[in-house]
Amino acid sequence: MKKILSRIISYIFPITCSSCGKDLHFSSELRICQDCKNAFPKNNGLICRKCGLPLPDGGEHCFICRKNKKEYAFDIMRSTYLYKDSVRKLILRFKYSNRMFLAKDFGREMSKTVIENDLHKTSDIIIPVPLNIIRRIKRGYNQAGLLADAISENIKKPVLNNVLYRKKITKPQFKLSKAERAKNIKDSFLIKNDGLIEKKNILLVDDIATTSSTASACAAALKSAGASKVVVITIARD
C-alpha cells in the first residue's frame, strides 16, 4: 500500500533531478541523476599532493605549498569536484536556497573521494566547519554539518559537533582577497571539550575550498588543542 501511495504521489509531484530536471525514480533518495554526476567536473587530475589544487602543468605541489610547507595547518585536502559550471550552481543552491536534501548526494560523492584517498583509514572523528551564530540563524542550517552527517553514514565514523566553534563574527570570505581572507579568519575558532580530540585524527568537512584559509584556521585550532592530524574534504575546489 505504501509503495502504491508513493507512486501516486510521485505521479502528481514527480521527483526530479535538481540539476537538469529529469524525472527520477519515485523511490529515489537522491536528487541528482547519474548523468549529471558523470558530467560534473571532477578534481581527479593532476593536483597538489597537499592542498589538492589542480596543477595543469603537473608537479607534486602547487606554488604556495612548494614555497612554504607550513602555509596550511591541515595535512591533506581533497575535493571531489572543481567549482565551476553546473556543480557550482548546485552548490550555491545547497548553501543559500534551502536545498538541504542535496547533502545526501554530495556526501555520497565526497565519501567516495575520502575512500579513494584512504582518508577514512586515518580518520577517527569527523568535524564540520562551523558557521557563526548569526549566519547559522539566518540560514537555518550549517551545510558543512549536513555533509558531515552524510559522510558519517557512508564511512561509519562519528561526527562531533561540540568541539569546534567560531568565536567571532567575520566578514563573508567570498568578498575578500586571499590576504584579506587569511587575516579575516585568523584566530576565529575556539575548541571546547578538547579531551575528545586529543591525539585523534580529524576529518574536517567543508563545502568549498578557495584560498583554504578557513580550513587552515580550523586545523590550526584543532591541532593546538591536541589533535594529531587534520585532513580536509570539500565538495569542490575553486
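**Strands, a pocket and one glutamine**

Let me begin with the strands: β1, which covers residues 76-82, pairs with β6 in the parallel sense, and the two are joined over six bridges. This is a predicted model, so please take everything that follows as computed from it. Within that pairing, Met-77 has Val-232 of β6 as its bridge partner. Strand β6 also pairs in the parallel sense with β5, residues 201-209, this time over eight bridges, and there Ala-209 stands opposite Arg-237 of β6. As for β6 itself, which runs over residues 229-237, the strand is mostly covered, with eight of its nine residues buried.

I turn now to the second largest pocket, whose volume is about 370 Å³. Its lining comprises 22 residues, and those that lie nearest the centre are Pro-130, Leu-131, Asn-142, Leu-164 and Tyr-165. Two or more lining residues come from each of β2 (125-128), α6 (133-139), α7 and β3 (164-166), and of these β3 gives the most, namely three residues. Sorted by class, the lining of this pocket has 14 nonpolar, five polar and three charged residues.

Finally, a residue in helix α7, which spans 143-155: this is Gln-143. Is Gln-143 buried or exposed? Because its relative accessibility is 3%, and the cut-off for buried is under 20%, Gln-143 counts as buried. Its side chain forms a polar contact of 2.6 Å with the side chain of Arg-139, and, leaving aside residues up to four places away in sequence, Gln-143 touches Phe-94, Lys-95, Leu-131 and Asp-207.

Methods: Residues numbered from 1 in each chain as written. Predicted model: local features only at pLDDT ≥ 70, side-chain atom pairs only at ≥ 80, totals over all residues. Heavy atoms only, no water. Helix = DSSP H or I, 4+ residues; strand = E, 2+ residues; numbered from the N terminus. Buried < 20%, exposed > 50% of the residue type's maximum accessible area, 1.4 Å probe, protein only. Polar contact = N/O pair within 3.5 Å; in protein donor to acceptor, adjacent residues only side chain to side chain. Contact = heavy atoms within 4.5 Å. 1 Å grid on protein atoms, 1.4 Å probe; cavity = no way out; pocket = protein on both sides within 12 Å on 5 of 7 lines; lining within 4 Å. Points joined across faces, edges and corners; volume = space filled by probe spheres on them. Nonpolar A, V, L, I, M, F, W, Y, C, P; charged D, E, K, R; others polar. Pairing = 2+ DSSP bridges.
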